[in-house]
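Here is a short briefing for a first look. Open the structure and follow the points below.

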2 protein chains.
Amino acid sequence: MSEAPLTISDRIQEKLDDLTRAERQLAHSILENYPASGLGPLTALAKDANVSVPTVARMVQKLGFKGYPDFQSELREELKAKAKDPIEKHDTWAENAPSEHMLNRFTDAVIDNIRHTLGQIDPKGFDEACALVADDQRHLYIVGGRITHTLAEYLFLHMQVIRPKITHIQSTSNTWPHYLLDVKEGDVFVIYDVRRYENNTLKLAEMAHAQGAKIILFTDQWRSPVHQLADISLSSRIVVPSAWDSAVTTMLLTETMISAVQNLSWGDTKERMEELEEMFDQTKLFRKFT
Amino acid sequence: MSEAPLTISDRIQEKLDDLTRAERQLAHSILENYPASGLGPLTALAKDANVSVPTVARMVQKLGFKGYPDFQSELREELKAKAKDPIEKHDTWAENAPSEHMLNRFTDAVIDNIRHTLGQIDPKGFDEACALVADDQRHLYIVGGRITHTLAEYLFLHMQVIRPKITHIQSTSNTWPHYLLDVKEGDVFVIYDVRRYENNTLKLAEMAHAQGAKIILFTDQWRSPVHQLADISLSSRIVVPSAWDSAVTTMLLTETMISAVQNLSWGDTKERMEELEEMFDQTKLFRKFT
DNA sequence: ACTTTGTTGTGATATATTTTTCACAATTTT
DNA sequence: AAAATTGTGAAAAATATATCACAACAAAGT
């Protein structure tokens, strides 16, 4: 058995549990841009990971190296070996799996979906959609179908924090006619509908449209019939090597929308502060969970 | 247009004619296993190339670097950049939007997450997890938290079609102690837990573990504490330019699992046929929609 | 063959960095 | 409150780098 020669990356990950908080933080920093950061001076690495110099020194020894230079020289060996290896031809995603492995095939397809989807999207329309969703003068209704209600709820959960006046409707439930009574002109519907397109969803969209609501539609490349009524359609490619369709791209657009709406709601000034706070928050989390 | 930023390798080759014999010898040695040898100590490089130390020092300056350390740090930069590149290639995703547009920034981050995640995943563990989930002798419990229950439900909805004996538990609900009564040794728990990790989820995992259940954990790069109890952990990078974390990569893994489990459930014989058919199918689709 | 000219290695040395350790205080975790 | 972890600042030890002068060498032209 010619076993995989156990890279340093592997070794780090294995030991991850035996490491202390600061060490783990350092480990992640090393893996973050591997192996480049490990090849620089120890001091730089320490600063990069926001840990002290002794922490680095202590850890490399914990990992079983004689010292930092020893660690580095093994890293270089590894790099040398990898450069010789012909495996990297087709960049596989999961390097340790053959390219026919489901992990690689699936990911290939998803990346392809993302590329196609983003390549064809209309940024203006997207921005308009975000603006509509961000406008808390309008009541926001979020609608999903049998499967897509999970995406709808995902959007709902986040919007709940960002703005008031939102409702999550499941088109497959029979309670939704209720909600429609209250719909006012100018309210916004975010509707998820991918194949197989659901009749209920279409009906719901029609009624909403009839009441003068704006409709933003998340759909697939073949476009749900709701498309006819929608003010803005965002269609994603959803084809993967599976018996089912992929919701990954749709979720990507959804998350992007969440982020964009958040920014709009907070105003330009706070945007940067938020980014900072995020980083800070992240650091705190590192400290908290050891 | 932003041309490729001229690697050090390029620079060396360009200057090759201006170099003297020993320097050329050195240059070739550097290119021989590039960039590894350039990242070691100057002395080692000199010995490797069978040239003297001053020759190396003289050459790096001739190449326009301030000194050997300068040369090295540029090499590291290059390596870092290259590691990021394989598919990203700085082609902006939404071509009609500027690269600072949220669509592009967000997608960049997500692709990066996917690459990191897949790069570090253990395919063996993944396969084992799929086998466990596919085994319909075992009852399958799917658990999600406040946000992640949407992912859990997504998995649940698909598994429902593929196999019997599954239950979707929401860790935030107070009904879950009920279910645990029925858990038998060998049953399987698929648990979603990303930061901020939920106490309920941990408790639930502990009880499941105590009853001898297998645990498969979907978590983030920092790993939920449930990790300690899990038989298999699948961790995803979740960092995006947003106030929230991204679930896209986790969903990608989930969908991949669904697809893999589906294949397993159809029996070994049909598996390959199906794969072929899939590929064929995929090709057809490519032709159709391009 | 004999310069001439430019290149290269040697050995030595000064400088600059880096690594490794310490002791101790601050902090966090148990 | 005790134990473990981490950062600080400093210093010592170890390496690495940059240079120098000079001799050895090689190639080119005379």
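Strand β3 (residues 188-192) of chain B runs parallel to β4(B), and five bridges join the two. This is a predicted model.

- Strand β4 spans residues 214-220 of chain B, and six of its seven residues are buried.
- Across from Leu217(B) in β4(B) stands Ile191(B).
- A right-handed β-α-β unit is formed by β3(B), helix α10 (residues 199-210) of chain B and β4(B).
- Strand β5 (residues 232-236) of chain B is also parallel to β4(B), joined by five bridges.
- Asp220(B) has Ser236(B) in β5(B) as its bridge partner.

**Around DNA strand D**

- DNA strand D is surrounded by 17 residues; among the closest are Thr20(A), Thr55(A) and Tyr68(B).
- Of the atoms of DNA strand D within 4 Å of the protein, 77% belong to sugar and phosphate.
- The nearby surface holds eight nonpolar, seven polar and two charged residues.
- Helices of both chains supply at least two residues each, including α2 (21-32) of chain A and α5 (68-84) of chain B.
- α4(A) gives the most, with three residues.

**Phosphate contacts of DNA strand D**

- Ser52(A) places a polar side-chain atom 3.2 Å from a phosphate oxygen.
- The side chain of Gln61(B) has an N or O atom 2.9 Å from a phosphate oxygen.
- Tyr68(B) uses its backbone: an N or O atom there lies 2.9 Å from a phosphate oxygen.

Conventions:
Residues numbered from 1 in each chain as written. Chains lettered and ligands numbered in written order. Predicted model: local features only at pLDDT ≥ 70, side-chain atom pairs only at ≥ 80, totals over all residues. Heavy atoms only, no water. Buried < 20%, exposed > 50% of the residue type's maximum accessible area, 1.4 Å probe, protein only. Helix = DSSP H or I, 4+ residues; strand = E, 2+ residues; numbered from the N terminus. Pairing = 2+ DSSP bridges. Right-handed = clockwise from strand over helix to strand, strands pointing away. Near = heavy atom within 4 Å. Polar contact = N/O pair within 3.5 Å; in protein donor to acceptor, adjacent residues only side chain to side chain. Nonpolar A, V, L, I, M, F, W, Y, C, P; charged D, E, K, R; others polar.
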